[in-house]
Amino acid sequence: MFAYVVKRLISGVLVVTLVSMAIFLLFWYGPSSPAQPICDRETSNRCTSERLDVYEETLGYNNPVYEEYGKFAAGVFVGRTLTIASNEYECAAPCLGVSFRTKQPVKEELVARMPATFSVAIGGAFLYLLFGVPIGVAAARRRGTVADKALVSSFLFISSIPYYLFALLTWLYLTIRFEIPLFSDTGYFSPITDGPWAWFSGLFLAWIALGIFGCTQYTRFTRGAMVEALSEDYIRTAKSKGLPARTIVYKHGLRAALVPVVTIFGIDFGTLLAGTIFTERIFEIQGIGWWSLEAVQGRDLPVVMATALFSAVVLIIANLLVDIIYSVLDPRVRLS
C-alpha cells in the first residue's frame, strides 16, 4: 500500500508539472502579449507599442520561456521578488505570483476563496449521495415496475437539460419570480462574521440546484450497479440461506454496487472543489470558480496558473483516495 501511494504521488507531481508548463506556454505563445492587460489598465487603455515593450521587459517576457518558467517553479519552493509596472512585490513561498488585476498575492486570494468553494462542494456532494443512492437502490429493488420507469424517465429528462440552464432557471424562478424568502439573498456569507443562518440561506439554493441535477446520474449508476449486484451468485446464496431482504440488499448488494459510484463521486467531488464556475457565477458565490473565470477573461496569468494547479492537485488527491477506498468497499480489489 505504501509503495503504491508513493508511486501515485510521484506521478501526481509529474502531472502537476506538466499542467503548469502547458498553461505557461499557452499564455506565453498566445495571440496577444500577457503584458497587454497590465499595460491597458495602467495607461487607461492608451497602451502604445513602446509602453508595451517596457511592461514586457519588467515582467520578463523578453527572456527565454524556460528561464521565466524556472523562476516560477523556484518561487513555489523558495519565494521570489516580482516586478509589475515598476513596483516590486515580495512573494513568500509557496509563491504563486501576484495578480495582474488586484496586485495582491495569488496565494492569499486563493486561500480567501477556498471557504466559499468548499462550502458549495461539500453541500452539493452531500445531496448527490443523500438523494441519488437511496433512490437508485429503491429503483433497482422495483426493477421493471411503473415506479422504476417513472424515476428513470424523470431523471433522464432532468439530466438532458444543460446544467447552466437548469441552475439559471432555478435561480430566476425561486429568487426573482416567486421571491421565496429563503432564496432571496444568494451568495457566500461567513458563518463566523455573518452567522450560520446567513451562510446556510446564501448557499441553500446552490446546494439544491447541484443536488437535484447531480443526483440524477448517481441514481442511474446506483440502479445499474445494484441490478447487476443483485443478480450475482452470492446474492442468490444469501437468499437461499434465508437472510432478511434488508440485509441482502444493503449489506451485501449495496457494498459491491458502491464501487463504481465511489469512482464517479471522487472525480465529481474533486471537480467541485476545483471550482464550480456556473454555480458560483449564477448564485453570486465568489469562490475559486468565479475567480478563475474572471482571470481568464482578464488574461491574469498568475491567477490562471494558480487555479489550474489547484484543480490538478485536488483531482489527483481525489483519484488517489478513491483507489484506496476501493480496497475497503470491495475485498476483491487489490492495489498492486
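Before I judge handedness, a reminder to myself: a crossing is left-handed if the near helix is turned anticlockwise from the far one by less than a right angle, and right-handed if clockwise. I am also keeping in mind that this is a predicted model.

**Entry: α6 against α8**

With that rule in hand, I looked at α6 and α8, and α6 passes α8 in a left-handed crossing. Helix α6 covers residues 146-159, and its axis comes within 9 Å of that of α8, with a crossing of roughly 135°. Which residues of α6 meet α8? I noted D148, V152, F155, L156, I158 and S159 on the α6 side. Their partners in α8 are I212, F213, T216, T219, R220 and R223. Sorted by class, the contact of α6 with α8 holds six nonpolar, three polar and three charged residues.

**Entry: α7 against α8**

Next I turned to α7 (residues 163-177) and α8 (residues 196-230), whose axes come within 10 Å and cross at roughly 140°. That angle makes α7 and α8 oblique to each other. Left-handed or right-handed here? I found that α7 passes α8 in a right-handed crossing. From α7, the contact draws on Y163, F166, T170, W171, L174 and T175. From α8, it draws on L205, A209, L210, I212 and F213. I212 and F213 of α8 belong to this contact, and I had already listed I212 and F213 among the α8 residues that meet α6. The class count for α7 with α8 is nine nonpolar, two polar and no charged residues.

**Entry: α9 against α10**

I then checked α9 (residues 233-240) and α10 (residues 245-274), which pack at an angle of about 170° with their axes 11 Å apart. These two helices are therefore roughly antiparallel to each other. On the α9 side I wrote down Y234, I235, A238 and K239, which meet I248, H252, G253 and A256 in α10. The contact of α9 with α10 comes to five nonpolar, two polar and one charged residues.

**Entry: transmembrane records**

I looked up the UniProt record, an unreviewed entry, and under "transmembrane region" it lists residues 9-29, 116-139, 151-176, 196-216, 256-283 and 303-329. I checked two of these spans in the model. Residues 9-29 are 95% helix and 0% strand, with their end C-alpha atoms 30 Å apart. Residues 116-139 are 100% helix and 0% strand, and their end C-alpha atoms lie 34 Å apart.

**Entry: disulfides**

How many disulfides does a search of the whole structure find? I got two. The link of C39 and C47 is right-handed, with 100° about the S-S bond.

Most residues other than glycine have a negative phi, and most peptide bonds are trans. I went looking for exceptions. The peptide bond from A93 to P94 is cis, with omega near -5°. P94 sits in the loop between β2 (87-91) and α5 (106-141). K103 is found in the loop between β2 and α5 too, and its phi is positive, near 60°. R299 is not a glycine either, yet has a positive phi of about 50°. I placed R299 in the loop between α12 (288-297) and α13 (301-329).

Methods: Residues numbered from 1 in each chain as written. Predicted model: local features only at pLDDT ≥ 70, side-chain atom pairs only at ≥ 80, totals over all residues. Heavy atoms only, no water. UniProt positions renumbered as here; feature names shortened; annotations may be inferred. Helix = DSSP H or I, 4+ residues; strand = E, 2+ residues; numbered from the N terminus. Axes fitted to C-alpha atoms, helices over the stretch in contact; angles between N-to-C directions. Parallel < 35°, antiparallel > 145°, perpendicular 65-115°, else oblique. Contact = heavy atoms within 4.5 Å. Nonpolar A, V, L, I, M, F, W, Y, C, P; charged D, E, K, R; others polar. Disulfide = S-S within 2.5 Å.
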